[in-house]
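Thanks for making the time this morning. I would like to walk you through one chain, and I will give the cut-offs as we go.

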Amino acid sequence: MIQEPISWPLLAVPDANGQLHYPTLDESVRQSIQIILRTRPGERLQHQAFGGGLQVFLHQPNTLTTHRRIHDTIVQALERWETRIKVERVEINEVPERPTWIRVEVVYRLRRTGVIRQLGLSMELGG
């Protein structure tokens, strides 16, 4: 089944011929989640409240309290800024052999199709 293009590509990268392609719903949502989580509130001039601001945790200790704060920040940001999904689960896990790193797994359901998707990211905390 071919999916219809859903929106302008947020993380646009031209192909070998210099063409930009419109993303599918899956791609558009994935790009949007990445942008939300990477954007600091106040960073967008015309939309000061936008973003999840995970960067504030970069110098925080790798503790359960920090994990809970990251979890809550992700859930709140995605519920506010990406209404095309329902967040099913957010898991924060330590990375073995790297005591200052965590692995974040976001499991979400596309409201339009009911399909469950997952997005993971790793980040280094401070201590």
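This is a predicted model: local features need pLDDT of at least 70, side-chain atom pairs count only at pLDDT 80 or more; totals for chains, interfaces and linings use all residues.

**A polar pair and its surroundings**

Residues are numbered from 1 along each chain as its sequence is written, and side-chain values use heavy atoms, with hydrogens and water left out.

Where does Glu82 sit? The residue is placed in the loop between α2 (64-81) and β1 (85-95), the helices (H or I, at least four residues) and strands (E, at least two) being DSSP runs numbered from the N terminus. Is Glu82 buried or exposed? Glu82 has a relative accessible area of 3% and is therefore buried, given that buried means under 20%, exposed over 50%, and partly exposed in between, with a 1.4 Å probe and protein chains only. If we leave aside neighbours within four places in sequence, Glu82 is in contact (heavy atoms within 4.5 Å) with Val29, Ser32, Ile33, Ile36 and Ala77. Val29 is 53 residues from Glu82 in sequence, yet their C-alpha atoms are 7.7 Å apart in space.

**The two helices**

Turning to the helices, α1 (residues 25-38) and α2 pack at an angle of about 125 degrees with their axes 10 Å apart; the axes are lines fitted to C-alpha atoms, for helices over the stretch in contact, and angles run from 0 to 180 degrees between N-to-C directions. The two helices are therefore oblique to each other, since angles under 35 degrees count as roughly parallel, over 145 as roughly antiparallel, 65 to 115 as roughly perpendicular, and the rest as oblique. Which residues meet there? On the α1 side they are Ile33, Ile36 and Leu37, and on the α2 side Ile74, Ala77, Leu78 and Trp81. By class, this contact has seven nonpolar, no polar and no charged residues, where Ala, Val, Leu, Ile, Met, Phe, Trp, Tyr, Cys and Pro count as nonpolar, Asp, Glu, Lys and Arg as charged, and the others, Gly among them, as polar.

**Three further residues**

Arg68, in helix α2, is partly exposed at a relative accessible area of 46%, and its side chain makes a polar contact with that of His71 at 2.9 Å. Arg40 lies in the loop between α1 and α2 and, its neighbours within four places in sequence left aside, is in contact with Phe50, Gly53 and Gln55. The C-alpha atoms of Arg40 and Gly52, 12 residues apart along the chain, are separated by 6.1 Å. Glu97, in the loop between β1 and β2 (98-110), has a phi near 70 degrees, which is a positive value in a residue other than glycine, and Glu97 is exposed, with a relative accessible area of 79%.

**The whole chain**

To finish with the overall picture, the protein chain has two helices and three strands, running α-α-β-β-β from the N terminus on, and of its 127 residues 34% count as buried.

Methods. A polar contact is a pair of N or O atoms within 3.5 Å; within protein, one must be able to donate a hydrogen and the other to accept it, and residues adjacent in sequence count only if both atoms are side-chain atoms.
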